[in-house]
Amino acid sequence: MLSKKMEEALNKQVNAELFSSYLYLAMAADFEAKNLPGIAHWLALQAKEENGHAMKFYGYIADRRGRVTLAAIAAPPAEWATPLAAFEAVLAHEQKVTGLINGLVELAAKEKDNATGVMLQWFVTEQVEEEKSADYIVAQLRMIGESAHGLIMLDRALAQRS
Ligand code: FEO
């Protein structure tokens, strides 16, 4: 059985992952509208991945005979000034999520909940990847600067994500 504290914290993380999904889907919609379909595709896939993260927590809570409770998902912004502004927001958001995962790891240790601690290790590793890919795209966009040609090339590259 999960402790009440742990159950509550894991449910909060379900919400945080669903918000991540919503945020990236909002970005995808923005760049779809701005004729950058490759960036939109990358972000839509990221949104799907975040939904998968939420479902991992959902499944784990259920496996431990806890109760999943779904809270309202906050509305994300609708528009970002530039692709760089959006990806800087992605990176900052992922850094925040890393902090949330670390908080859960600390709580699991405090609650002596080894099973949750082990489950969370997947997310600890995943966050390294999440930050790395966002950081890479931010760096590319900074190199591109004002170059339309560079942006078109990056858009084509990001369209290849599967
Ligand atoms: Fe679910 Fe992007 O971390």
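Select Trp42, Gln46, Glu49, Glu50, His53, Lys56, Phe57 and Tyr60 in α2; they meet Ala115, Thr116, Met119, Leu120, Trp122, Phe123, Glu126, Glu130, Ser133 and Ile137 in α4. Contact here means heavy atoms within 4.5 Å. Helices are DSSP runs of H or I, at least four residues, numbered from the N terminus.

This is a predicted model, where local features need pLDDT of at least 70, side-chain atom pairs count only at pLDDT 80 or more, and totals for chains, interfaces and linings use all residues. Residues are numbered from 1 along each chain as its sequence is written, and side-chain values use heavy atoms, with hydrogens and water left out.

Now show both helices whole. The axes of α2 and α4 (residues 114-144) come within 12 Å and cross at roughly 170°. That makes α2 roughly antiparallel to α4, a label for angles over 145 degrees. Axes are lines fitted to C-alpha atoms over the stretch in contact, and angles run from 0 to 180 degrees between N-to-C directions.

**Along α2.** Select residues 37-63. At 1.5 Å a residue, these 27 residues should span 39 Å, and the end C-alpha atoms are 39 Å apart, which agrees. The expected span is 1.5 Å times one less than the number of residues. Just after α2, arginine 65 takes a positive phi of about 60°.

**The core.** Next, pick Met27, Phe31, Leu43 and Phe87. Of the 25 residues in the largest nonpolar core, these touch the most other members. Such a core is a set of buried Ala, Val, Leu, Ile, Met, Phe, Trp, Tyr and Cys residues joined through side-chain atoms within 4.5 Å. Buried means under 20% relative accessible area, exposed over 50% (1.4 Å probe, protein chains only). α1 (4-33), α2, α3 (83-110), α4 and α5 (148-158) each supply at least two residues of this core. α1 gives the most, with seven. Another core, of 18 residues, lies apart from it; among them are Leu10, Ala54, Val97 and Ile101.

**Two loops.** Go to asparagine 35, in the loop between α1 and α2. Its phi is near 60°, a positive value in a residue other than glycine. At 66% relative accessibility, asparagine 35 counts as exposed. Finish at lysine 112, in the loop between α3 and α4. The phi of lysine 112 is near 55°. Lysine 112 is exposed, with a relative accessible area of 71%.

Technical notes. Parallel < 35°, antiparallel > 145°, perpendicular 65-115°, else oblique.
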